[in-house]
Amino acid sequence: MIGFVIERYRAEDCAELGRLHFDLLGDPARNGYSLATVGPEFMADAFYRLSLDNPAFHCDVARVDGRIAGFHVFTSEASSLTSFLVRRHPAGLVLAALRSVVRRPRSLVALLRNLRYLGGEQLSFLADVKGWWIVAGIPPVYRTKEFEATIGGSIAHMMMARMERTFREADIDKWYVVVPPDNIPSTIFVQRCGAVHGGTAFAQGKEMRYYIKQMLPEGGSRGA
Ligand SMILES: CC(C)(COP(=O)(O)OP(=O)(O)OC[C@H]1O[C@@H](n2cnc3c(N)ncnc32)[C@H](O)[C@@H]1OP(=O)(O)O)[C@@H](O)C(=O)NCCC(=O)NCCS
């Protein structure tokens, strides 16, 4: 019998989350200047570890027999993600950034490009959207139909249900996600979740599609 649980991340998960996040989404050719391309250490030491005390930052992990089998990151305050790190943990942020640039000089460009998100996204079609589904990642081995049969469903959908519950409890009725058009599994997944294409914009060096989901209070769904 498999031990399966989805729960909030902890400090001791950060190193593995950084590595997994980088493995799935750190390739610049596919992900442009995404923060993940800065490196696994930066993701672990800055993005995950320094956000542990951010009440608006949520990261759920799925564990299979104690091993991380997926992560799902979202925020109830889309505008505060980067500004929280800058305000609360400036020294830790600068240290993690310097270490990354020493290891991978190319990561400086990605770091600088991400500074523009300090005040959040400034797009008119996101004006009334408070929830931001930032990212999810599930290694392929935990996405097979055979594996899903052993736990009774898809990890991605279970984590999505948890996110929407959290948003409802915070009185948030709309969320958005940014998807590169060439990420087919992600595009299929967000559309299956009921999100619809709300606009397109240039972000992280690529043209990105923004999908928006309008949630119904009792758990139903319809497009924005
Ligand atoms: C995004 C993600 C969490 C979605 O989870 P999921 O729904 O369990 O993902 P799947 O890989 O099963 O893909 C969803 C669907 O797309 C289909 N699909 C995958 N690649 C495809 C392709 N190239 N062409 C057509 N269909 C494709 C899958 O078959 C699946 O459909 P099915 O359930 O009918 O078989 C997962 O794909 C993932 O972790 N991807 C890597 C990280 C990532 O890109 N994160 C999102 C960043 S925006």
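## Helix packing and the ligand shell

Helices α3 and α5 run roughly antiparallel to each other, a term that applies to angles over 145 degrees. The structure is a predicted model, in which local features need pLDDT of at least 70 and side-chain atom pairs count only at pLDDT 80 or more, while totals for chains, interfaces and linings use all residues. Residues are numbered from 1 along each chain as its sequence is written.

Two packed helices are described by the angle between their axes and the distance between the axes. The axes are lines fitted to C-alpha atoms, for helices over the stretch in contact, and the angles run from 0 to 180 degrees between N-to-C directions. The table sets out the two helix pairs.

| Helix pair | Angle | Distance between axes |
|---|---|---|
| α3 and α5 (residues 90-103) | roughly 175 degrees | within 9 Å |
| α1 and α3 (residues 40-48) | about 125 degrees | 7 Å |

The contact of α3 with α5 is made by Glu41, Phe42, Asp45 and Ala46 of α3 and by Gly92, Leu93, Ala96, Ala97, Arg99, Ser100 and Arg103 of α5, where two residues are in contact if their C-beta atoms, placed from the backbone, lie within 7 Å. By class, this contact of α3 with α5 has five nonpolar, two polar and four charged residues; Ala, Val, Leu, Ile, Met, Phe, Trp, Tyr, Cys and Pro count as nonpolar, Asp, Glu, Lys and Arg as charged, and the others, Gly among them, as polar.

With α1 and α3 packed at about 125 degrees, α1 is oblique to α3, oblique being the class left over when angles under 35 degrees (roughly parallel), over 145 (roughly antiparallel) and 65 to 115 (roughly perpendicular) are set aside. In α1, the residues Cys14, Ala15, Leu17, Gly18, Arg19, His21 and Phe22 meet Pro40, Glu41, Met43, Ala44 and Tyr48 in α3. The residues of this contact of α1 with α3 divide into eight nonpolar, two polar and two charged.

Around the ligand there are 16 residues, of which Ile138, Ala156, Pro185, Ile188 and Phe189 come nearest; a residue is near a molecule if its C-beta atom, placed from the backbone, lies within 6 Å of it. At least two residues of this shell are supplied by each of α1 (14-25), β4 (131-137) and α9 (184-192), and α9 gives the most, with five residues. These names follow DSSP runs numbered from the N terminus, with helices (H or I) of at least four residues and strands (E) of at least two. The shell has eleven nonpolar, four polar and one charged residues.
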